[in-house]
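Biologist: I have a model open and would like to go through a few of its local features with you. Can we start with the pockets?

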Amino acid sequence: IAVNPITNSIYTLPTVGNSVAVIDGNINSTSTVIAGMQPYDVAVNPVTNKIYAANNFSNNVTVIDGATNSTATVLTGVKPNAIVVNPATNKIYIANYTSSSVTVIDGNNNSTVDVIVGAGPIALAINVASNKVYVANFESASVTIIDGVSNSTATVAAGTNPIAVAVNATTNKVYVANNGSANVTVVDGATGSNTGTITVGSTPNAVVVNQFTNKIYVANYDSNSVTVIDGQTNAKSTIAAGFNPSSLAINAATNQIYVGNFLSNSVTVIDGKSNYASATTVGSSPLAIAVNLVTHRVYVANQYGNSVTSITPMIETA
């Protein structure tokens with residue numbers, strides 16, 4: 001699920017099907033845009049009002065014009081499964097799991113370049129300030145660093161089965177959740193080096209950063225918890241979540257963290273000041289969360305409920 005905060009449009013993907021659902025956040029009306037086979041991830045460039053859907057079964061990306069819902073198709077590698085956008089450069093990065101590559105799309109003309117990365121790229125994050133892209137390679141226990149100017153690469157070791165990655169652009173540190181080794185690898189963005197690991201809960205599978213407070217949040221799927229890491233000291237604390245937390249989103253402005261609990265059909269809302277956590281009921285099997293940073297409304301994609309839950313949070317200053 002992805003949000004364009006400028007147009008207040010929300011884009012979400014069906015559990016099965018070849019389309020992207022478009023929700024008008026002003027009136028909650030919906031429309032459908034035909035995409036490729038089994039779109040797996042979606043991302044928005046709010047500057048150009050273009051939306052990108054990675055079609056896992058047809059090995060391409062559907063490019064949607066947010067103003068007209070007209071589409072174009074761009075070829076990728078095999079099994080595209082994650083997308084990240086750099087709105088400053090208008091470059092779009094797609095991780096292709098089976099072909100161990102990242103397709104780079106020039107948003108100006110939809111031309112592409114393929115960059116070879118590690119085995120099983122599964123997640124992406126970008127530091128817009130440094131123009132570096134970080135690729136979690138699930139099958140090779142590594143992170144590939146792509147230079148956004150030259151597309152040259154470097155590789156840094158991670159833990160077992162890195163599955164998620166997040167960047168603190170302020171500190172220029174990168175956090176990699178290692179699903180198979182129950183820890184987080186910390187990468188120094190300036191040097192591209194592994195600076196150590198932090199033990200977290202069992203089967204971590206999502207990570208987000210609040211760059212204003214320098215706190216990192218890790219969802220631990222099998223231990224039903226969220227680990228909170230202090231980015232300055234690497235000290236950590238644990239917050240109980242619902243059953244099988246599998247997704248995270250953050251509103252850094254309000255200092256609220258949202259945790260999708262896949263098997264308890266709820267979202268845990270964490271107050272970043274106090275670490276106080278409360279639960280909100282959503283649809284069946286929440287799988288992804290996105291925040292509109294203008295309206296502060298939170299959108300939860302419910303995989304088996306075939307629905308999106310909209311949450312209006314209590315607004316507090318960070």
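Modeller: Gladly, and please keep in mind that this is a predicted model. In the second largest pocket, strand 27 gives the largest share of the lining, namely 3 residues.

Biologist: Which elements give two or more residues to the lining of the second largest pocket?

Modeller: Those elements are strand 26 (256-261), strand 27 (266-271) and strand 28 (277-281). The lining of this second largest pocket is made up of 12 residues, and those nearest its centre are Q256, V269, Y276, S278 and M314.

Biologist: What volume does the second largest pocket have, and how do the residues of its lining divide into nonpolar, polar and charged?

Modeller: The volume of the second largest pocket comes to about 200 Å³, and its lining divides into 7 nonpolar, 3 polar and 2 charged residues.

Biologist: Changing topic, what about the open sheet of 3 strands: which order does it have?

Modeller: The order is 29-30-31, and the pairing is antiparallel. Strand 29 (286-291) and strand 31 are the edge strands, each pairing on one side only, and from one strand to the next the twist averages 20°.

Biologist: How many bridges join strand 29 to strand 30?

Modeller: There are 5 bridges between strand 29 and strand 30, which run antiparallel. If you want a position to look at, I289 stands opposite V300 in strand 30.

Biologist: Is N306 buried or exposed?

Modeller: N306 counts as exposed because its relative accessible area is 64%, and the cut-off for exposed is over 50%.

Biologist: And what is the phi of N172?

Modeller: N172, which is not a glycine, has a positive phi of about 60°, and it is found in the loop between strand 17 (162-168) and strand 18 (173-178).

Biologist: Which side chains does the side chain of N183 make a polar contact with?

Modeller: The side chain of N183 makes a polar contact with the side chain of N178 at 2.9 Å, and it makes another with the side chain of S181, also at 2.9 Å.

Notes
Residues are numbered from 1 along each chain as its sequence is written. This is a predicted model: local features need pLDDT of at least 70, side-chain atom pairs count only at pLDDT 80 or more; totals for chains, interfaces and linings use all residues. Side-chain values use heavy atoms; hydrogens and water are left out. On a 1 Å grid over the protein atoms alone, a cavity is a set of points where a 1.4 Å probe fits but cannot get out, and a pocket is an open set with protein on both sides within 12 Å along at least five of seven lines; lining residues have an atom within 4 Å of a point. Grid points are joined across faces, edges and corners, and a volume is the space filled by probe spheres set on the points. Helices (H or I, at least four residues) and strands (E, at least two) are DSSP runs, numbered from the N terminus. Ala, Val, Leu, Ile, Met, Phe, Trp, Tyr, Cys and Pro count as nonpolar, Asp, Glu, Lys and Arg as charged, and the others, Gly among them, as polar. Buried means under 20% relative accessible area, exposed over 50%, partly exposed in between (1.4 Å probe, protein chains only). Two strands pair if DSSP finds at least two bridges between them. Axes are lines fitted to C-alpha atoms, for helices over the stretch in contact, and angles run from 0 to 180 degrees between N-to-C directions. A polar contact is a pair of N or O atoms within 3.5 Å; within protein, one must be able to donate a hydrogen and the other to accept it, and residues adjacent in sequence count only if both atoms are side-chain atoms.
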